[in-house]
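Hi,

Here is the model I promised to pass on. Have a look at it first, and my notes follow below.

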Amino acid sequence: MADRALRGMGLGSKSFEDEEGVEMAERQEIGFDCPNGHHFEITFSVEAELPGVWECPRCGAESHRSDGTKAEKKKEKPQRTHWDMLTERRSIPELEELLKERRVAMPKG
């Protein structure tokens with residue numbers, strides 16, 4: 001086993017690249033207030049789409065932004081039922097015809 005052991009640097013532990021010449025993205029800190037009285041700040045890129053709600057890191061409660069910006073409500077599609085999907089594929093007269101065929105084919109008893 002000792003023959004096959006890797007020597008030297010551990011896999012993925014360090015990068016030999018220096019940060020010279022690397023330009024970091026602009027950042028901004030957004031504050032959030034928890035209903036349980038906790039306040040915390042999260043760092044985001046200036047270009048990022050900012051959320052209105054974030055989970056509190058201390059208690060897990062839903063926290064809202066300190067600056068009063070409200071979260072945008074996403075448009076929700078109404079849930080499609082089996083009937084909705086059927087009527088997308090077939091017309092009512094076609095469905096009535098299929099029902100008649102099925103009734104004839106059903107065994108009585």
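This is a predicted model: local features need pLDDT of at least 70, side-chain atom pairs count only at pLDDT 80 or more; totals for chains, interfaces and linings use all residues.

Let's start with Trp54, which is partly exposed, with a relative accessible area of 33%. On the scale used here, buried is under 20% relative accessible area, exposed is over 50% and partly exposed lies in between, with a 1.4 Å probe and protein chains only. Residues are numbered from 1 along each chain as its sequence is written, and side-chain values use heavy atoms, leaving out hydrogens and water.

Now the rings. Rings of Phe, Tyr and Trp (its six-membered ring) pair if their centres lie within 6.5 Å; planes under 30 degrees apart are stacked, over 60 edge-to-face and the rest tilted. That rule gives 3 aromatic pairs. One of them is Phe32 with Phe40, stacked at 5.6 Å centre to centre with 15° between the planes; both Phe32 and Phe40 are buried. Another is Phe44 with Trp54, edge-to-face at 5.5 Å centre to centre and 85° between the planes. This pair links distant parts of the chain, with Phe44 in strand 2 (residues 39–45) and Trp54 in strand 3 (residues 53–55), 10 residues apart. Phe44 counts as buried because its relative accessibility is 12%. Ring pairs tie Phe32, Phe40, Phe44 and Trp54 into a cluster.

On to the strands, which are DSSP runs (E, at least two residues) numbered from the N terminus; two of them pair if DSSP finds at least two bridges between them. Strand 1 (residues 27–33) pairs with strand 4 (residues 62–65) in the antiparallel sense over 2 bridges, and Phe32 stands opposite Arg65 there. Strand 3 and strand 4 also run antiparallel, joined by 3 bridges, with Val53 partnering His64. These two form a hairpin with 6 residues between them, and Gly60 in the turn has a positive phi of about 85°.

Finally, which residues line the largest pocket? They are Glu49, Leu50, Pro51, Gly52, Arg65, Thr69, Lys70, Ala71, Glu72 and Lys74. A pocket is an open set of points on a 1 Å grid over the protein atoms alone, where a 1.4 Å probe fits, with protein on both sides within 12 Å along at least five of seven lines; lining residues have an atom within 4 Å of a point. The volume is about 200 Å³, taken as the space filled by probe spheres set on the points.

Cheers

Note on methods
Helices (H or I, at least four residues) and strands (E, at least two) are DSSP runs, numbered from the N terminus.
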